[in-house]
Amino acid sequence: MPEADDKQAKSFHTDRPQETPGFFLKGCGALDWGMQNRLSRIFDPDSGRTVMLAVDHGYFQGPTTGLERIDLDIVPLLGWADTLMCTRGILRSVIPPTFAKGVVLRASGGPSILKELSDEHLAMSIEEAVRLDAAALAVQVFIGGEHESRSIRNMTRLVDAGNRHGIPTLAVTAVGRELTRDAKYMRLAVRICAELGATYVKTYFVPEDFETVTASCPVPIVIAGGKKQPELDALRMASLAIRQGASGVDMGRNIFQSEHPAAMIRAVRAVVHENASPEEAYDLYRDLREES
Ligand code: R5P
């Protein structure tokens, strides 16, 4: 067994972004045409970034606040999302098939919020993903969790299947209540996902040293929004993440639980795609809020 790597003086070279020869996304230059085409339906090729609208929470917690009626409250927002992240059940039952942008489908599941969450299995076949024209498949990975190995195995099986069919895999690093959310943990979690084949990785933003998380991950990182915060705080978090190397956000509650979701998603877009400052984006939010 190798010894634990506890050296302090690591060299992340955060001032030297990884080069991206052949394709606009970090670490994706050697992927096949179909894979790169699907990624271009998730990430805007002009900015190289994405605003993924995450509405898959029901797969373990049922009708989450703000998602009780996806037909009424989420469908009107789709025009401002680069990509929708949802379950196949919601896709088929509620999302208009005229939606032509990328759809990232939740492909793992099992336990409800009443049980041990890391006890997930794969919950969708690759044929189903092809049938639904998924732009990527998302799988939860529980580094340090009770079922860590199985969740990694879920991911590597999905990567193998996705690579056969040209469908990217989004590894979603899940943080258990008992685990410390710091840069050291995030570096460990996202790097393991990338090393074992994830096409891109979703993680939480941490206020200290987040640039070391993005610098040491060879593939794109998007951040989850997390719990609802005041709008300006959520915009600050998104801005800090982007400035520290994130390739976008996969944001749910901070958009659909806002009192003005349409204004909020447009403000988030300004931060992600136009490098607006949080204050500029918040001004936009307020203006749009007044209009609506
Ligand atoms: C978690 O249940 C889902 O994977 C969400 O897609 C993810 O956590 C992002 O949503 P939020 O911004 O609400 O954290």
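**Ground rules.** The model is predicted, so I took local features at pLDDT of at least 70 and side-chain atom pairs only at pLDDT 80 or more, while totals for chains, interfaces and linings use all residues. Residues are numbered from 1 along each chain as its sequence is written, and side-chain values use heavy atoms, with hydrogens and water left out.

I looked up the strands (DSSP runs of E, at least two residues, numbered from the N terminus). Eight of them form a closed barrel in the order 1-2-3-6-7-8-9-10, with parallel pairing; two strands pair if DSSP finds at least two bridges between them. From one strand to the next the twist averages 25°, an angle between N-to-C directions on a scale from 0 to 180 degrees, with axes fitted to C-alpha atoms, for helices over the stretch in contact. Strands 8 and 9 run parallel and are joined by three bridges. K202 has V222 of strand 9 as its bridge partner.

**Helix 7.** This helix (a DSSP run of H or I, at least four residues) packs on the sheet and touches strands 6, 7, 8 and 9 (contact: heavy atoms within 4.5 Å). Its direction makes about 155° with that of strand 8. I checked its length: 13 residues, 183-195, should span 18 Å at 1.5 Å a residue, and the end C-alpha atoms are 18 Å apart, which agrees. The expected span is 1.5 Å times one less than the number of residues.

Which residues of helix 7 are buried? I found A183, Y185, M186, R187, A189, V190, C193 and A194, buried being under 20% relative accessible area (1.4 Å probe, protein chains only). Besides strands, these buried residues pack against helix 6 (148-165) and helix 8 (210-215). G197 follows helix 7, with a positive phi near 115°.

**Helix 11.** Residues 261-274 lie across strand 1 (50-54) and strand 10 (248-251), at about 150° to strand 1.

Note on methods. Buried means under 20% relative accessible area, exposed over 50%, partly exposed in between (1.4 Å probe, protein chains only).
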